[in-house]
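Here is a short walk through one protein model. Keep the sequence and the 3D view side by side.

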Amino acid sequence: MSAVADGIPVASLIDRTNAATLQSVEIGAGLNHVLLAAARTNWAAGSDNLSVRFRFDWSEAASGTRARVVLTYKTQHMAAYPLNSYGPTFFAFDVREPEPSYDLKIQVEIEELAPSVGIGGHERVLPLGRLTVDAAGIGPACGVGYAEIVKYAVSSAHALGLCDYYMEGDRLKRFEACILDSLSRGIPYSVVRLGDGEGRVLGYPAYFDQNRVLSEVLYYQFGPQSIRNEIDGSGRWLHELITELGDLLRLGIDTADRVGLPVAGFFEGHERGVTSGMAAYGYATHFAFGRCPRLGPEEAVGTDVFQQLARMPAFFPGIAKAARSVTTIGPWDLSGELRAALGIERVSHIGVPGHYTWSPDKGLGQFPVLYKQIAAAIQARGDLRGQLFLVGAGLLGKYYCALIKRQGGVALDIGSVFDSWARKGLPYAVRNAGRINLSSLDAAALPPAGRS
């Protein structure tokens with residue numbers, strides 16, 4: 001094992017003319033840890049906040065590698081970011097009231113080298129990638145890079161045809177065929193969708209700080225009773241909680257066969273100003289494109305894919321009849337109604353706490369404890385080949401989809417479709433109940449097929 005580098009750089013991060021590129025490094029066979037940089041900077045004291053944003057690009061040989069980057073300020077662990085396996089990764093650190101002189105260490109931890117690396121039993125050194133200072137400044141960190149992220153997301157949505165009404169024609173036929181084939185042949189399959197909540201968690205801490213994630217995700221979705229409120233003085237408990245949720249979310253994304261992304265309409269009005277919500281949707285798009293290179297114009301689906309499909313009378317009855325059984329995971333048990341609407345008998349339910357803000361039950365939410373019981377209930381079912389799971393469980397739903405697929409099942413993250421079917425829960429979903437309702441599903445119109 002060996003690392004070839006140019007030494008420890010000294011960089012003035014505020015003066016970008018002297019800090020365009022920190023370092024290029026090379027990795028050796030089987031190397032697990034690479035020290036990218038140890039930078040010391042001097043700047044005028046007295047400012048409230050120092051914000052530095054980095055860009056990391058894999059070399060051509062290492063593209064596809066799974067890894068994360070770890071930042072340490074002086075001796076304090078700042079954050080760990082998953083590196084996109086393909087394309088650039090942008091990440092940042094913010095220090096409030098920093099000392100005039102400090103050390104910053106940036107380390108890459110390799111999880112799995114790309115197959116193209118092809119390291120055998122002999123010594124071989126390959127280029128890893130390049131780390132660049134993308135932006136640096138003194139001032140509030142809020143909003144850094146928001147406009148750029150949103151512009152990227154808008155252009156990506158247009159490139160993939162995720163505009164207006166897109167789930168039709170050949171795109172619809174291919175999507176439905178994948179699900180039907182997986183059910184009939186017992187092939188594991190999952191579809192998850194990303195929105196602003198996922199974007200905030202995935203964008204922590206580069207774009208969204210602890211306070212924003214605490215108030216706009218943890219308290220908002222799971223409730224204050226579910227979140228530890230005893231601060232030990234360092235704030236580490238909150239970082240660990242957000243990191244745990246992020247790890248569960250990333251597992252659901254990394255193992256999915258399709259990732260539904262925000263459509264162009266989510267960014268309407270971005271030319272006049274970028275909101276935090278737009279930035280969160282944008283970061284979700286940025287993250288998914290970096291981690292999921294298999295997405296393409298002929299395969300891409302939007303965040304609202306199942307809201308659109310729920311308006312089609314035959315879609316859900318069609319895939320349900322091809323399944324050995326149907327299980328719902330969500331806050332509302334609609335098993336009786338679904339048996340009639342889908343035209344099948346084998347329907348069961350795994351209950352989860354609802355969205356804290358919109359649920360009449362203000363008890364404990366799914367995270368950080370109860371989700372483990374739900375995961376155990378899924379795992380206890382054993383072999384799930386040929387079984388269909390309709391999941392409406394918020395951020396944790398992506399994790400449940402990963403578990404279902406691991407056990408051979410087909411998992412669809414249908415989200416707020418459940419609330420529309422139940423006519424309770426998220427307000428916008430309840431308002432959509434006129435267009436998305438169980439009475440519009442038409443099982444009788446389907447020809448006999450599959451198992452019932």
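The lining of the largest pocket divides into 19 nonpolar, 18 polar and 12 charged residues. In this sorting Ala, Val, Leu, Ile, Met, Phe, Trp, Tyr, Cys and Pro count as nonpolar, Asp, Glu, Lys and Arg as charged, and the others, Gly among them, as polar. The model is predicted: local features need pLDDT of at least 70, side-chain atom pairs count only at pLDDT 80 or more, and totals for chains, interfaces and linings use all residues. Residues are numbered from 1 along each chain as its sequence is written, and side-chain values use heavy atoms, with hydrogens and water left out.

Stay with that pocket. Its volume is about 1,100 Å³. The lining holds 49 residues, and Arg193, Asp196, Ser416, Leu426 and Tyr428 lie nearest the centre. Helices H3 (196-202), H4 (210-222), H7 (305-309), H11 (394-406), H12 (417-422) and H13 (427-431) each give two or more residues to this lining. A pocket is an open set of points on a 1 Å grid over the protein atoms alone, with protein on both sides within 12 Å along at least five of seven lines; a cavity is a set where a 1.4 Å probe fits but cannot get out; lining residues have an atom within 4 Å of a point. Grid points are joined across faces, edges and corners, and a volume is the space filled by probe spheres set on the points.

Now the cavities. The whole structure has 3 of 30 Å³ or more. Strand S6 (76-83), strand S7 (89-96) and helix H6 (276-291) each supply at least two lining residues. By class, this lining has 9 nonpolar, 2 polar and 1 charged residues.

Step back to the chain. It has 13 helices and 16 strands. These are DSSP runs, numbered from the N terminus: helices are H or I with at least four residues, strands are E with at least two. Of the 452 residues, 56% are buried. Buried means under 20% relative accessible area, exposed over 50%, and partly exposed in between (1.4 Å probe, protein chains only).

Next, the aromatic rings. How many aromatic pairs does the structure hold? There are 17. Rings of Phe, Tyr and Trp (its six-membered ring) pair if their centres lie within 6.5 Å; planes under 30 degrees apart count as stacked, over 60 as edge-to-face and the rest as tilted. Phe175 and Phe315 are stacked, 6.5 Å centre to centre with 15° between the planes. Phe175 lies in helix H2 (residues 169-185) and Phe315 in helix H8 (residues 315-321), so the pair ties together parts 140 residues apart in sequence. Both are buried. Phe418 and Trp421 have ring centres 6.0 Å apart and planes at 90°, so this pair is edge-to-face. They sit 3 residues apart in helix H12, about one helical turn. Phe418 and Trp421 are both buried. Phe175, Phe306, Phe315, Phe316, Phe418 and Trp421 form one aromatic cluster.

Finish at Ala393. It sits in the loop between strand S15 (387-391) and H11. Ala393 is buried, with a relative accessible area of 4%. Beyond its neighbours within four places in sequence, Ala393 is in contact (heavy atoms within 4.5 Å) with Ile329, Val352, Gln366 and Tyr400. Ser416 is 23 residues from Ala393 in sequence and 8.6 Å away in space, C-alpha to C-alpha.
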